[in-house]
Amino acid sequence: MMYTEKVVKRFENPRFAGELKDANAIGTVGNPACGDIMRLYLKINKDTEVIEDVSFKTFGCAAAIASTDVACELIKGKTIAEALKITNQQVVDQLGTLPPHKIHCSVLAEESIAAAVKNYYENK
């Protein structure tokens, strides 16, 4: 199965790529076996717990980069509680679909949100 047009567009022109200099939460997850490493940067408002800004750096395939970019879009402007409810299936749905052997990329995107939130609370 080939990638959908949405996956290719996200891979070629990710909206949230790059390091967020004033991030107060960073989550890194990865699967060295497949080579995908995701680092999610969040700027969380300490009073409202709203994710005001988000970015990512992902080392991986097109599906990994596209999945992380979609995850960023899904959580920006949401509270921590709302962001933690985002599932890998929602990421896949936003991309149209992913090849079965690339679903783990959407799972990593979901896990990167949880890792960043954990980092936020550890540093708070």
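In the predicted model, the axes of helix H2 (residues 62–75) and helix H5 (residues 103–123) come within 8 Å and cross at roughly 40 degrees; axes are lines fitted to C-alpha atoms, for helices over the stretch in contact, with angles from 0 to 180 degrees between N-to-C directions. H2 is therefore oblique to H5, the class left once angles under 35 degrees count as roughly parallel, over 145 as roughly antiparallel and 65 to 115 as roughly perpendicular. Helices (H or I, at least four residues) and strands (E, at least two) are DSSP runs, numbered from the N terminus. Ala63, Ala64, Ser67, Thr68, Ala71 and Ile75 of H2 meet Cys105, Ser106, Ala109 and Ile113 of H5, contact meaning heavy atoms within 4.5 Å.

Strands S1 (residues 25–31) and S2 (residues 36–44) pair in the antiparallel sense over seven bridges, where pairing requires at least two DSSP bridges between two strands. The bridge partners in S2 are Leu42 for Ala25 and Arg39 for Thr28. Four residues lie between the strands of this hairpin, in which Gly35 takes a positive phi near 95 degrees.

Residues are numbered from 1 along each chain as its sequence is written, and side-chain values use heavy atoms, without hydrogens and water. Local features need pLDDT of at least 70 and side-chain atom pairs count only at pLDDT 80 or more, while totals for chains, interfaces and linings use all residues.
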